[in-house]
Amino acid sequence: MLHSIKKMISGEVIELKQLKKIVSKINTLEDSFTNKTDAELKAYSDLFREQLNKGVSPEELIVEAFAVVREASKRVLDKRHYDSQLMGGAVLTQSQIAQMHTGEGKTLVATLPAYVMALFGKGTHIITANEYLASRDYEQMKPLFEFLGLTVGLNVSGIETDEKQAAYNCDITYGTGTEFGFDYLRDHMVQGVDQLVQRPLFYALIDEVDSILIDEARTPLIIAGKSNASLNLFPIMHLVIDSFQDDEDYKYYPETKQIVLLDNGADRLEAAFGIDNVYDSEHREFMHIAMQTLRAKVVMRKDVDYIVKDDKIMIVDPYTGRIMEGRTFSDGLHQAIEAKEKVTVKEENNTQASVMIQHYFRLYKHVSGMTGSAVPSRDEFWETYNLRVTEIPTNKPNKRVDMDTLVYLTAKDKMKKIVEETQKYHETGRPVLIGTTSIEQSEKYSAHLYELGIEHSILNAKTVEDEAELIASAGQMNKIMLATNMAGRGTDIMLGEGVAELGGLHIIGTELHSSARIDMQLRGRGGRQGDPGSTQFIVSLEDELFHYYDEEEFDKYKGKVKTDNTGLILSPNPTKFVYNVQKVIEGMHFSSRSHLLKLDDINNDQQKVMYNYREKALKVENMQSLIENAMQERFYGLVEEIPELNLDETTNSTILNEIIDEIKIINMLTLKDETIFESIKTENKEQLTKTLEDVYNTALEVLHNTDKDDENWSDIQSIYLEILDRSWITHLDNLYHLREGINIRGYSQEDPYRLYSFDALHMFNEMLHSFFRDVIRYYLQLNATKVEE
């Protein structure tokens, strides 16, 4: 009753009624559309395009458009959209999130809003969780869209620029969020308009939307260049730090994964490397490598955070359990792990361009998404993306039984119970899926099962080559499969013959994840399309989840615990406690994402300014206007500094010297007499301003007298972009170091966001003025050289 009242207050019940009315209207059209010829059906696309161009909203077209797509799908794919799929499609066309259970056919659902939005002719991007799914969905749905007169493209990594351009120019483009994001970054690094691949971002339809917009939100997309800086220091640093001890040389805070170097640790570093004070500014890079080496030792775990394969460190996605191909840890952490695992230490990456997933998808005019687990993050979707979540009823009633979670005091007792339950269900012939949170854990359970003679298969990032075969057999009678999160999202496990009669797939969760959404995904592997099935989580107070919980509160609870003779906790209410812990951890992660987003909002605003300069330089017909703008910006920036000067007391100040140098250098580059400003230091502020204005007017005169068809302009464009990119890369590095230190300054009762905003803006303005200075000097130097010739 309470749940129903909550749904009514939120407006969800009313919305479901509206969705059902839409579906009813679509269904009344089905017979008439069945009688239409192929040509008549295809003609609707042009009709809908016309209506959209006249200002009709997509929502107003839903009934007829969905009826067209459903009929076309029946003819081309031999698949008829369920009513629940039509409801999901309606939600997606309204730029919302549809929560749809496993097996509800989300790939087919996507064809409905994709068709409607593609008719605008501005590009519809269908985002999938990985390239395998992108390729699969593209191949499956392409015939349907082409039947309706739409073009379809596939955007995957490794294809040539012209292939990407062709894919993006299609009405509908399939691909992964990371590849679309990297293309956005690459587009802002090209040297010519002909190399651009993306159009203005219009509509994104995201499958597994919580995975992409929330789980991946803390990991920025980074394009990096190579640097050999300090490469040889990592193995030596590892040898020193490997013997460091917690509470003696450093203090580790597992709940936030923060490490503080203690005095003893600093003393040991100084002694080992012959340094007087490791905290001196000249040792900043040294200390950065030391702290990353310490982080590699303490925080980063083999077969949890990464695996070692073919002399390489490969990152494991904590949410999907899959290898993140082509990705490396940034800021020297990857090199520190390579030194720790004694593999070849490769060149370090320097950030050249970066964007947070949150900011990339905010660039789209319209965004919608599907997943089986959006509701637990309903508030975050609304606060971060202004996206509402609507639960879509299943096509068939859900018969899956979700049993109460069992909580044991120790991991040993938990393991015993999991083995008992596995054997119990195995003896009935039912297939069993055991979900684990890491490769390390799956291998530990596997070893234990083998010791007991229990045959099983194992699916994790190390056995990915056999994934298709393992998934195909997982629902067969008598099968037992151990799996990481790889089997917990986007995986359809089909029941073998006779399995439904036995009760279907039984799923055992061996730990609660840090997010309830991932647990929902694991449960969702069972009970697809009305199949029977059951799930149960069996956990212990020694599980990793509790390492991040408040130690005092945790000890207080354990002190009250009462168990039976198997170690099962009876009181105080164990399930209430563990789910409260999970909620607290989820809240911490939400806060962390919000914190990063606030800081990155500042970076993102600055990036927009830089990308705007870049876009103008790429597309402007002649660079003269941009050089003139640089001269004006530089001049007014220096003039603003002059009133702050005290010429009597600050004759050697940096600002005054900069202005004097500016006057002398521009004067020299405009081929004037170099000696006329020798006494400039003794002049007053008014004269200083007048002199600065004179030399800049001379520079502008040179600019205006330059032939607009001069062949040097193409060189100037190239150098303009090169200086801009170099300035931005250096600034990104400076922002990273500013962010590292801003939290410490926040302890002095000052708002860290205000501090960061103020300092970042100051650094950005300085960077811009240095950029303007370098561009002006290059132009004048090039012009002076030409005149001399």
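Guide: Helix α9 (residues 161–168) lies across β2 (124–128), β3 and β4 (172–176), and runs at about 135 degrees to β3; contact here means heavy atoms within 4.5 Å, while axes are lines fitted to C-alpha atoms, for helices over the stretch in contact, with angles from 0 to 180 degrees between N-to-C directions. Helix α10 (residues 177–187) also packs on the sheet, where it touches β2, β3 and β4, and its direction makes about 100 degrees with that of β4. This is a predicted model, in which local features need pLDDT of at least 70, side-chain atom pairs count only at pLDDT 80 or more, and totals for chains, interfaces and linings use all residues. Residues are numbered from 1 along each chain as its sequence is written, and side-chain values use heavy atoms, with hydrogens and water left out.

The sheet itself is open and consists of 7 strands in the order β3-β4-β2-β5-β12-β1-β13, with parallel pairing; helices (H or I, at least four residues) and strands (E, at least two) are DSSP runs numbered from the N terminus, and two strands pair if DSSP finds at least two bridges between them. At the edges stand β3 (152–155) and β13 (389–391), each with a single partner strand, so one side of each is left without a neighbour in the sheet. Neighbouring strands of this sheet are turned by 20 degrees against each other on average, direction ignored. Strand β1 (residues 97–99) runs parallel to β13 and is joined to it by 3 bridges, and Gln99 has Glu391 as its bridge partner in β13.
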